[in-house]
Amino acid sequence: MRVTHLIATFFHVGHLRPAPGTWGSLAALPCAWALHVAGGPLLLSLGVVVAFTLGMWATGRETKGKDDHDPSEIVIDEVAGQWLAFLPVSIGATHAGVALTALWPGWITAFLAFRLFDIWKPGPIGWADRRGDALGVMLDDILAGLAAALCVMAGAAISHGVLGL
């Protein structure tokens with residue numbers, strides 16, 4: 001088995017059906033939790049950078065010479081994007097000094113908002129997806145993760161600021 005295939009499919013999670021992107025996003029969550037527990041938001045941020053970098057390399061290798069630049073089994077892009085969407089939850093738990101599990105609404109918001117933006121692909125997310133190269137494969141999910149992270153932050157601001165919960 002090629003290491004590029006293991007990375008690109010996130011250890012074969014991308015072969016799960018139906019909806020491999022959703023499976024990839026789900027698989028990313030316990031890994032995000034583990035990164036947070038091991039090193040907080042800093043290690044999770046580093047994880048995003050490493051997943052993006054390795055994902056670009058592995059995706060480029062896996063799609064070289066093929067017509068399909070973004071095959072459905074490649075889900076390392078969902079992992080990187082989901083981790084980015086989850087980062088405000090990690091930061092919030094660290095700031096508040098609480099267990100990551102206490103911020104469960106943030107987990108749900110990060111997951112659902114990321115999947116929404118990754119499927120819908122509005123504006124620059126769609127532009128990145130249409131690039132037709134490994135950078136586009138990775139970048140559209142990073143942008144979807146960023147949009148989802150903003151949703152998580154907005155939800156936290158409303159919940160803790162406006163509602164005072």
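What follows is a short walk through the helices, core and loops of a predicted model. Local features were considered only at pLDDT of at least 70 and side-chain atom pairs only at pLDDT 80 or more, while totals for chains, interfaces and linings use all residues. Numbering runs from 1 along each chain as its sequence is written, and side-chain values rest on heavy atoms, with hydrogens and water left out.

To start with the annotation, an unreviewed UniProt entry puts the feature "domain: YutG/PgpA" at residues 6–154; UniProt positions follow the numbering used here, feature names are shortened, and annotations may be inferred rather than shown by experiment. Over that stretch the chain is 76% helix and 0% strand, and its end C-alpha atoms sit 35 Å apart. Helices (H or I, at least four residues) and strands (E, at least two) are taken as DSSP runs, numbered from the N terminus.

Next comes the core. A nonpolar core here is a set of buried Ala, Val, Leu, Ile, Met, Phe, Trp, Tyr and Cys residues joined through side-chain atoms within 4.5 Å; buried means under 20% relative accessible area, exposed over 50%, and partly exposed in between (1.4 Å probe, protein chains only). The largest such core has 39 residues, and those with the most contacts inside it are F10, I76, W83, F86 and F117. Two or more residues each come from α1 (3–8), α2 (20–63), α3 (76–96), α4 (104–120) and α6, with α3 giving the largest share, ten residues. In soluble globular proteins, nonpolar side chains tend to be buried together.

Leaving aside residues up to four places away in sequence, F117 touches P122, I125, A144, A147, A148 and C151. With neighbours in sequence excluded in the same way, A28 touches V79, Q82 and W83. A28 belongs to helix α2 and is buried, its relative accessible area being 0%.

As for helix packing, α2 and α4 meet at an angle of about 150°, with axes 11 Å apart. Axes are lines fitted to C-alpha atoms, for helices over the stretch in contact, and angles run from 0 to 180 degrees between N-to-C directions. The pair is therefore roughly antiparallel, on a scale where angles under 35 degrees count as roughly parallel, over 145 as roughly antiparallel, 65 to 115 as roughly perpendicular and the rest as oblique. From α2, residues G21, T22, S25, L26, L29 and W33 meet W107, F111, F114 and R115 of α4.

H12 is partly exposed, with a relative accessible area of 33%.

Finally, R130 sits in the loop between α5 (123–129) and α6 (134–162). At 64% relative accessibility, R130 counts as exposed. R130 and D70 are 60 residues apart along the chain, and their C-alpha atoms are separated by 10.0 Å.

Technical notes:
Contact means heavy atoms within 4.5 Å.
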